[in-house]
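Have the sequence and the 3D view ready as you read.

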Amino acid sequence: MRAKISYLVTAAVLVFYFVLVGSRGIMLIQSGTVVTVTFGVAVLILPVIGLWFLWKNTQFVRRANALAAELDAEGGLPVDELKRLPSGRIDRDSADEVFAKRRAETEATPDDWRCWFRLAVAYHDARDTPRARKAMQKAIALHDGKPAEA
């Protein structure tokens, strides 16, 4: 729940920032000189890119959460079998061991979105966020019946 609140607060702050920047861009365009219009258009591009990025990330999170809910209903969510350090952080060797199991499971059944979901969780636990995201994207694509990149 804490992560959802943090995400919503961050998204709200970003939207406020985009509105503020967009209004400045419009003010520059309204000035009417070639330089200010050029800068105004350039400034307006930033909120558009930011809103697109925020939208894509929100869609990704919603789809990943939907897969997690479906997998939970099936009883297929990965069990937390990781050892933890006294600080509460995940032990790296333990994460690597679980990752090896998840990778073998995924290699055995590469068209199963459930395996890719569990692999994404293992990547995340091993602190490899870019690969976790790619594995989750593949799980989402397989679940939706779309061709996915390797």
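## Ground rules

Two residues are in contact when heavy atoms lie within 4.5 Å. Helices here are DSSP runs (H or I, at least four residues), numbered from the N terminus.

This is a predicted model: local features need pLDDT of at least 70, side-chain atom pairs count only at pLDDT 80 or more, and totals for chains, interfaces and linings use all residues. Residues are numbered from 1 along each chain as its sequence is written, and side-chain values use heavy atoms, leaving out hydrogens and water.

## H3 against H4

Let's start with H3 and H4. In H3, Ala-95, Phe-99, Arg-102, Arg-103, Glu-105 and Thr-106 meet a set of H4 residues that includes Trp-116, Leu-119 and Tyr-123. The two axes (lines fitted to C-alpha atoms over the stretch in contact, with angles from 0 to 180 degrees between N-to-C directions) come within 9 Å and cross at roughly 160°. H3 and H4 are therefore roughly antiparallel (over 145 degrees).

## A ring pair between them

Rings of Phe, Tyr and Trp (its six-membered ring) pair if their centres lie within 6.5 Å; planes under 30 degrees apart are stacked, over 60 edge-to-face, and the rest tilted. That rule gives two aromatic pairs. Phe-99 and Tyr-123 make a tilted one, 4.8 Å centre to centre with 50° between the planes. This pair links distant parts of the chain, as Phe-99 in H3 (residues 92–108) and Tyr-123 in H4 (residues 113–125) are 24 residues apart. Both Phe-99 and Tyr-123 are buried (under 20% relative accessible area, 1.4 Å probe, protein chains only).

Definitions and conventions. Helices (H or I, at least four residues) and strands (E, at least two) are DSSP runs, numbered from the N terminus. Buried means under 20% relative accessible area, exposed over 50%, partly exposed in between (1.4 Å probe, protein chains only). Angles under 35 degrees count as roughly parallel, over 145 as roughly antiparallel, 65 to 115 as roughly perpendicular and the rest as oblique.
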